[in-house]
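Hi,

Here is the structure I promised to pass on.

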2 protein chains.
Amino acid sequence: MSTARLIYLPLGGAGEIGMNAYVYGYGPKGKERLILVDIGVTFPDMDSTPGVDLIFPDMRWLEENADRLEAIFITHAHEDHVGGVGHLWNKLKAPVYARAFTAYHARHKMNDHGAPEDEIHTVSAYPEVVKAGPFDVSFLPVSHSIPESGGLVIDSPAGRVVHTGDFKLDETPVVGEAFDPELWAKIAEPGVKALVCDSTNVFSLNEGRSESTVGPELKGLIQDSSGMVVATTFASNVARVQSLAQAGRAAGRSVCLLGRAMRRMIEASVKVGIIPDFPTTISVEDAREVPRENLMLIVTGSQGERRAASAQLARGKYLGLSMKEGDTFLFSSKTIPGNERGVISIINAYSEMGVDVVDDSSGRYHVSGHANRPELERAHDIFNPEMVIPMHGEHRHLRQHAKVAEAKGRASIVAVNGTMLDLTGSKPKVADYIETGRTYLDGSVKIGALDGVVRDRIRMALNGHIVVTLIVDDEPEPLGDPWVEIKGLTEMGRSGAALVDVLEEDLSQVVNRMNAKTLRDDEKLEDALRRTARKSASDELGRKPEVTVIVSRLS
Amino acid sequence: MSTARLIYLPLGGAGEIGMNAYVYGYGPKGKERLILVDIGVTFPDMDSTPGVDLIFPDMRWLEENADRLEAIFITHAHEDHVGGVGHLWNKLKAPVYARAFTAYHARHKMNDHGAPEDEIHTVSAYPEVVKAGPFDVSFLPVSHSIPESGGLVIDSPAGRVVHTGDFKLDETPVVGEAFDPELWAKIAEPGVKALVCDSTNVFSLNEGRSESTVGPELKGLIQDSSGMVVATTFASNVARVQSLAQAGRAAGRSVCLLGRAMRRMIEASVKVGIIPDFPTTISVEDAREVPRENLMLIVTGSQGERRAASAQLARGKYLGLSMKEGDTFLFSSKTIPGNERGVISIINAYSEMGVDVVDDSSGRYHVSGHANRPELERAHDIFNPEMVIPMHGEHRHLRQHAKVAEAKGRASIVAVNGTMLDLTGSKPKVADYIETGRTYLDGSVKIGALDGVVRDRIRMALNGHIVVTLIVDDEPEPLGDPWVEIKGLTEMGRSGAALVDVLEEDLSQVVNRMNAKTLRDDEKLEDALRRTARKSASDELGRKPEVTVIVSRLS
């Protein structure tokens with residue numbers, strides 16, 4: 001007979017920043033009733049995932065245990081927390097709970113992927129409680145860089161878990177509820193078993209700054225600018241977009257929002273009543289008529305995304321608007337590691353136009369949405385949990401966060417994706433390791449990260465591709481010579497002759513020397529042709545291309 | 001009759017950081033006698049240049065005018081200044097001048113590529129003069145992050161040009177000559193027409209720090225470390241390697257250098273007499289026997305390079321050495337933009353081992369080799385030139401540097417690669433635009449950046465590759481059905497059937513409906529097959545792969 005236990009299992013987001021998915025369970029071993037917190041995505045890059053459109057956590061374990069899943073909770077509407085709900089819901093089929101702004105976005109995503117939007121349930125903040133099997137769950141308002149972020153207060157028979165979601169401590173957050181130390185203290189009062197806590201900024205040692213410190217800086221900058229002002233930030237940072245718009249209006253400028261994602265975020269905020277007083281904006285059509293010194297654009301593309309408004313403006317005219325000498329472009333954002341090249345190329349394009357680019361290197365025009373180390377320590381102190389479980393971070397963040405907790409005498413552990421923890425006792429214990437990984441959305445098809453598809457793409461990109469075709473009759477005799485096509489390889493090699501000619505010549509010689517046995521054996525024949533092609537290419541090019549051999553047999 | 005003029009033409013390095021190559025000329029228009037300053041390379045990345053090994057400036061203009069080229073001067077031994085000399089010399093065939101340390105490396109590079117190493121001439125610093133046609137050229141010692149960096153004092157009948165090379169102002173540089181304000185004042189005395197000036201750190205507003213400030217910080221860190229200490233920096237930063245080794249020895253540790261590039265740099269420094277007193281180091285074999293708390297490794301791979309020692313250690317054992325819990329890994333370096341992902345992945349690998357990673361986020365363990373804005377302004381003031389020509393920078397750096405110069409009333413201009421300036425008058429004038437670009441070393445073959453080879457690789461990486469083969473006899477009738485091979489594409493599409501089956505079925509239908517005219521016309525036939533394959537793949541996968549069609553005709 002097994003006794004009930006409380007488990008925690010990250011399927012994504014622990015050991016990386018992105019694609020958050022955390023499972024909690026309570027019940028007898030192997031029969032725990034489960035809830036899922038967040039169902040996010042992460043984004044591909046050319047280095048490791050060329051051609052991939054979106055990356056999901058591998059949810060197989062949860063899908064196999066979907067009958068035990070009571071509910072899905074989504075902490076906030078960033079893509080790394082909500083982005084997978086439309087794609088993955090059909091294999092989980094549990095009710096989804098979120099606060100209004102997040103629910104609004106989740107419903108859109110369900111719709112986009114043919115999942116039932118009425119499975120998304122809007123929940124108010126604490127003290128409203130959602131009952132999910134053995135769990136009572138409430139949304140605890142936290143400050144972050146998107147409206148209505150929620151931590152979760154998860155009560156189970158084994159005690160209270162506080163799952164912070166992404167958070168900072170901001171007493172003047174511009175949009176949404178301020179950090180409320182009294183409410184937090186009240187949550188902490190009955191005792192907190194585990195604080196499962198955002199680790200993103202654990203290496204930032206200084207006190208974090210409030211969102212409200214940005215507005216005055218923006219006002220000063222815009223007032224001092226003479227030409228058109230164009231500013232970008234994360235589309236979902238509604239508070240920042242509002243601060244930018246207010247600063248523009250305060251400087252006597254008409255403000256125009258450019259970029260679908262940004263307009264959708266503002267619409268959602270207005271619809272759910274988060275920003276009752278968003279400044280008046282004008283349409284693109286009207287913006288074209290406004291003298292540039294009276295105009296401010298707020299645009300998408302803070303990360304240098306090629307199709308976003310910032311990049312389009314950097315390439316020239318966009319929707320009839322263009323930048324020129326004397327204008328100012330502001331990045332009210334930080335560059336996420338990996339996006340540097342794209343951002344820098346936009347800055348240089350603007351430089352060529354004579355546009356003055358202001359970025360956040362001065363630290364005045366952007367603040368982070370995550371708690372720095374001093375705020376993390378303050379959160380630990382307030383909740384005073386039996387254990388701190390670091391999440392939402394790469395390994396280095398989790399490890400450092402665990403050290404910070406342990407330095408104050410709290411139990412902690414580094415648990416990366418797939419590590420099932422038993423939280424029942426006074427210290428976290430590893431209960432099991434679950435196989436996890438990544439799933440790619442590739443065009444409209446889902447593929448496994450280890451299927452070899454992406455590996456082959458990378459190899460073609462690094463090595464080029466040779467296709468060798470040969471027709472063999474049933475004597476068996478080759479009908480004509482081997483034929484070579486190349487892609488991603490130079491036409492002329494070291495010898496000065498055409499590469500395909502050299503290859504075909506070498507392949508012909510090999511084929512002509514072959515005996516009937518080899519010619520009859522597909523595997524041997526293909527192998528011989530492949531090796532010859534690689535060898536010849538290597539001699540000519542100093543590299544070994546990928547080779548596909550196609551033998552057609554006539555009979 | 002045309003009068004003589006003094007021209008400046010960057011072929012690389014102006015509008016980018018990397019592959020420096022600057023031409024100066026003096027003489028009648030179109031008949032100027034020329035010198036080349038630096039002949040560097042830049043490095044490929046997966047985003048834009050997958051599979052490429054090295055990138056050179058397109059030197060066609062200079063090759064076509066090689067008969068006018070008097071000499072090549074190399075300012076220092078960084079790859080972006082000297083890296084092209086072995087590859088490109090044979091088409092230029094002019095004598096090469098450099099100071100001893102740089103010449104040592106240049107000779108190796110000539111040897112490696114079958115170019116005559118005796119064309120590399122070692123020159124002493126100012127006041128030694130090299131006569132090169134109408135030019136008298138001297139090497140002015142400057143501080144940088146590699147030994148024996150030289151600015152160039154270039155005297156022509158039209159006046160003196162000072163070409164700074166990469167430089168900072170360091171009065172205590174640890175290795176090599178200190179910044180010598182008196183010598184600089186002496187160079188400035190006859191009047192300087194143009195200061196052609198490094199722009200790398202124009203956005204760094206604080207006073208730069210001396211290399212000598214790093215040593216004490218390193219000593220403190222190493223003394224406070226308990227396990228093995230492993231430190232990385234740029235292999236060519238000999239002063240830093242020496243400071244690291246001294247700090248290790250001062251902390252009572254045996255020091256071992258790991259990584260070929262680093263050992264080669266130290267050997268070269270010892271050989272040319274730059275570092276007479278490099279601390280004693282031990283071999284890898286001996287290092288294996290030293291207790292880890294008494295051992296320090298100095299390793300290559302500060303940029304996360306996959307094959308360097310730092311990455312090898314992050315993957316496990318390397319040459320019998322491995323890191324473990326309680327050890328310290330130090331990045332005494334900054335991460336060059338674009339390399340973040342590789343560096344972060346190493347840090348996380350070390351975190352998994354329990355190794356404490358220290359990077360330069362505190363600003364204590366690394367200083368830049370380039371002049372910050374205050375030092376740039378000081379250099380402007382000392383040389384007090386008629387004009388400042390910003391070089392060695394992306395467009396944003398050049399533009400900002402020109403602004404800094406103009407703010408003090410000096411003439412300046414942004415001249416990117418291919419912009420020929422006439423410096424004869426009191427202000428720089430654009431004289432011409434020369435077509436420039438990039439050449440790729442791809443395996444052992446040089447290819448043009450616009451040849452389409454790399455474009456095809458990127459497309460295969462993003463879209464995958466389908467090969468369609470069809471055999472047609474001379475009726476013309478298809479012999480058998482079209483055959484499909486895929487690479488970099490998932491085996492199963494949206495319909496749940498094998499992708500190749502779906503494609504072959506669709507292609508067969510199209511082929512069966514074809515009339516003899518189409519079957520006879522290679523272009524039409526291939527086009528129809530390609531379009532069908534793309535359409536079917538798009539239906540199945542939601543993406544449009546690259547398609548190669550091979551029609552074999554039997555007759």
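Let me start with one pairing: A:Asp422 has A:Lys429 of E21(A) as its bridge partner. Before going further, please keep in mind that this is a predicted model.

How many residues does the hairpin between E20(A) and E21(A) go through? Six residues link the two strands there.

E20(A) also has strand E1 (residues 4–12) of chain A as a partner, again in the antiparallel sense, with two bridges.

Which way do the side chains of E20(A) go? Strand E20 covers residues 419–422 of chain A, with A:Thr419 and A:Leu421 pointing one way and A:Met420 and A:Asp422 pointing the other.

**Chain A as a whole**

Stepping back, chain A holds 17 helices and 26 strands. The C-alpha trace of chain A spans about 90 × 80 × 45 Å along its principal axes. Of the 555 residues in chain A, 60% are buried. If you count the contacts in chain A with a separation of 6 or more, 70% of them are between residues 24 or more positions apart.

Chain A splits into three pieces: domain 1 takes 4–206 + 368–448, domain 2 takes 211–362 and domain 3 takes 464–553. How far apart are the C-alpha centres of domain 2 and domain 3 of chain A? The distance between those two centres is 55 Å.

Now for a helix pair between the chains. A packed pair of helices is described by the angle between the axes and the distance between them. Here the pair is helix H11 (residues 340–353) of chain A and helix H13 (residues 395–407) of chain B, whose axes come within 8 Å and cross at roughly 45 degrees. So H11(A) counts as oblique to H13(B). The crossing of H11(A) and H13(B) is left-handed. On the H11(A) side, A:Ile344, A:Ile347, A:Asn348, A:Ser351 and A:Glu352 make the contact, and H13(B) brings in B:His395, B:Arg396 and B:Arg399.

- A:Glu475 and A:Pro476 are joined by a cis peptide bond, with omega about 5 degrees. A:Pro476 sits in the loop between strand E24 (465–472) and strand E25 (483–487) of chain A.
- In chain B, the bond from B:Glu475 to B:Pro476 is cis as well, with omega near 10 degrees. The loop that holds B:Pro476 runs between strand E26 (465–472) and strand E27 (483–487) of chain B.
- B:Lys93 is not a glycine, yet phi is positive at about 50 degrees. B:Lys93 belongs to the loop between helix H3 (85–88) and strand E7 (96–98) of chain B. Is B:Lys93 buried or exposed? B:Lys93 is exposed, because a relative accessible area of 54% is over the 50% cut-off.
- B:Asn384, another residue other than glycine, has a positive phi near 45 degrees. You will find B:Asn384 in the loop between helix H12 (373–383) and strand E19 (387–391) of chain B.

Best wishes

Conventions. Residues are numbered from 1 along each chain as its sequence is written. Chains are lettered from A and ligands numbered from 1 in the order in which they are written. Side-chain values use heavy atoms; hydrogens and water are left out. Domain bounds come from an automatic or database domain assignment. Buried means under 20% relative accessible area, exposed over 50%, partly exposed in between (1.4 Å probe, protein chains only). Helices (H or I, at least four residues) and strands (E, at least two) are DSSP runs, numbered from the N terminus. Two strands pair if DSSP finds at least two bridges between them. Axes are lines fitted to C-alpha atoms, for helices over the stretch in contact, and angles run from 0 to 180 degrees between N-to-C directions. Angles under 35 degrees count as roughly parallel, over 145 as roughly antiparallel, 65 to 115 as roughly perpendicular and the rest as oblique. A crossing is left-handed if the near helix is turned anticlockwise from the far one by less than a right angle, and right-handed if clockwise. Contact means heavy atoms within 4.5 Å.
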